[in-house]
Amino acid sequence: MSQWESIKEYKEILFERMDKVAKITINRPEKRNAFTPDTVQEMIDAFNYCRDDSTIGVIILTGQGYLAFCSGGDQSVRGNGGYVGSDHVARLNVLDLQHLIRIIPKPVIAMVRGWSVGGGNILQLVCDLTIAADNAKFMQTGPKVGSFDAGYGSAYLARVIGHKRAKEVWFLCKPYTADEAFQMGWINKVVPLADVEKETLEWCDEILKKSPTAIRFIKAAMNADTDGLAGLQQLAGDSTMMFYTSDEGKEGRDAFLEKRDPDFDKFPKFP
Ligand code: S0N
């Protein structure tokens with residue numbers, strides 16, 4: 001049986017792979033996997049690695065241990081204007097990570113055990129799919145702790161679970177069980193805690209049997225609908241990538257390099 005193998009060593013995350021599946025684990029269980037700017041920067045680095053490695057097909061995002069997926073921004077390093085990392089600069093770089101998870105052209109699956117809270121719960125939300133253990137609990141705390149996410153955390157949440165529900169989540173700051181989150185369409189599946197990784201890997205295997213290009217375009221199209229011009233840019237970029245691989249696209253490049261007029265006449269004008 002295959003085992004997880006470390007891809008790269010970091011301070012605040014684990015980054016492993018098993019065949020074509022990569023796993024990024026927030027490794028701060030003593031803080032319920034709260035993230036600092038350094039944690040986020042490490043995750044951005046790992047996601048970019050996954051994006052560039054053509055042998056990785058699916059990425060799992062999770063938290064270390066069974067008590068928490070992620071409890072959001074580490075309140076002990078929250079300064080004025082953002083969270084302060086080892087470079088002493090206050091920033092909200094988790095927004096860059098949210099965007100990266102949206103545009104990375106491979107499915108990202110959140111594997112949630114225990115608490116999924118605040119900015120951590122928004123990371124879960126922006127993942128393409130979520131498999132939760134039956135001990136998972138989902139909560140936004142912003143209005144209680146003096147913060148809010150008015151981007152994906154609010155507007156996109158409203159698209160996923162509906163406006164009334166999303167307002168309830170943010171106005172009341174109550175925890176929701178995995179079953180309640182499932183009923184709302186917030187997550188994809190609930191399984192016993194002991195089975196959550198097995199189930200997640202089964203979903204990965206199913207996805208890996210499918211056309212990566214088809215999946216890439218489906219992800220980009222669904223995101224284009226919600227992400228406006230930035231989403232359209234991603235979808236358009238994917239189309240350009242495919243066009244570059246075509247004889248018609250190559251003819252334009254070759255003609256330029258060969259200092260001749262391109263001959264596009266030979267290419268069919270499909271209906
Ligand atoms: C997660 C909770 C519910 C777990 O409760 P439990 O199991 O009873 O454990 P605790 O004893 O409470 O916690 C264990 C230890 O972990 C520490 N800890 C937990 N969460 C955090 C955290 N987020 N930051 C720092 N430390 C944390 C505890 O302090 C405890 O340590 P010890 O033992 O030393 O006391 C519960 O812990 C809880 O409610 N946690 C806080 C959840 C929270 O409010 N998170 C922050 C929400 N806000 C964000 O995430 C901001 C997101 C963001 O960056 C952002 C993004 C875009 C736009 C805006 C923002 C923005 O700034 O809002």
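**Asparagine 93 and its surroundings**

Leaving aside its neighbours within four places in sequence, asparagine 93 is in contact with Pro37, Val40, Gln41 and Ile44, where contact means heavy atoms within 4.5 Å. The structure is a predicted model, in which local features need pLDDT of at least 70 and side-chain atom pairs count only at pLDDT 80 or more, while totals for chains, interfaces and linings use all residues. Residues are numbered from 1 along each chain as its sequence is written, and side-chain values use heavy atoms, with hydrogens and water left out.

- Asparagine 93 is placed in the loop between strand 8 (90-91) and helix 2 (94-103); helices (H or I, at least four residues) and strands (E, at least two) are DSSP runs, numbered from the N terminus.
- With a relative accessible area of 8%, asparagine 93 is buried, on a scale where buried means under 20% relative accessible area, exposed over 50% and partly exposed in between, for a 1.4 Å probe and protein chains only.
- The side chain of asparagine 93 reaches the backbone oxygen of proline 37 at 3.0 Å.

**Helix 2 and its setting**

- Helix 2 is largely enclosed by the rest of the structure, because 7 of its 10 residues are buried.
- The buried residues of helix 2 are Val94, Leu97, Gln98, Leu100, Ile101, Arg102 and Ile103.
- Those buried residues pack against helix 1 (37-52), strand 4 (58-63), strand 9 (108-112), helix 3, helix 5 and helix 9.

**Helix 2 with helix 3**

- The axes of helix 2 and helix 3 come within 9 Å and cross at roughly 15 degrees; axes are lines fitted to C-alpha atoms, for helices over the stretch in contact, and angles run from 0 to 180 degrees between N-to-C directions.
- Helix 2 and helix 3 are therefore roughly parallel to each other, given that angles under 35 degrees count as roughly parallel, over 145 as roughly antiparallel, 65 to 115 as roughly perpendicular and the rest as oblique.
- The crossing of helix 2 and helix 3 is right-handed; a crossing is right-handed if the near helix is turned clockwise from the far one by less than a right angle, and left-handed if anticlockwise.
- Val94, Leu97, Gln98, Ile101 and Arg102 of helix 2 make this contact with Ile122, Leu123 and Val126 of helix 3.
- The residues of the contact between helix 2 and helix 3 divide into 6 nonpolar, 1 polar and 1 charged, where Ala, Val, Leu, Ile, Met, Phe, Trp, Tyr, Cys and Pro count as nonpolar, Asp, Glu, Lys and Arg as charged, and the others, Gly among them, as polar.

**Helix 2 with helix 9**

- Helix 2 packs with helix 9 at an angle of about 130 degrees, their axes being 10 Å apart, and that makes helix 2 oblique to helix 9.
- On the helix 2 side the contact is made by Ile101, Arg102 and Ile103, and on the helix 9 side by Lys219, Asn223, Thr226, Asp227 and Gln234.
- The residues of the contact of helix 2 with helix 9 divide into 2 nonpolar, 3 polar and 3 charged.
- Asparagine 223 lies in helix 9 (residues 212-244) and, at 9% relative accessibility, counts as buried.
- A polar atom of the side chain of asparagine 223 lies 2.9 Å from the backbone oxygen of arginine 102.

**Helix 3 with helix 5**

- Helix 3 (residues 119-126) and helix 5 (residues 152-161) pack at an angle of about 45 degrees with their axes 10 Å apart, and the two helices are therefore oblique to each other.
- The crossing of helix 3 and helix 5 is left-handed.
- Ile122, Leu125 and Val126 of helix 3 make the contact with Tyr152, Gly153, Tyr156, Leu157 and Val160 of helix 5, and these residues divide into 7 nonpolar, 1 polar and no charged.

**Loop residues with positive phi**

- Most residues other than glycine have a negative phi.
- Histidine 88 has a phi near 65 degrees, a positive value in a residue other than glycine; histidine 88 is in the loop between strand 7 (82-84) and strand 8 and, at 68% relative accessibility, counts as exposed.
- Cysteine 173, although not a glycine, has a positive phi of about 55 degrees; cysteine 173 lies in the loop between helix 6 (163-172) and strand 13 (176-177) and is buried, with a relative accessible area of 6%.

Definitions and conventions: Polar contact = N/O pair within 3.5 Å; in protein donor to acceptor, adjacent residues only side chain to side chain.
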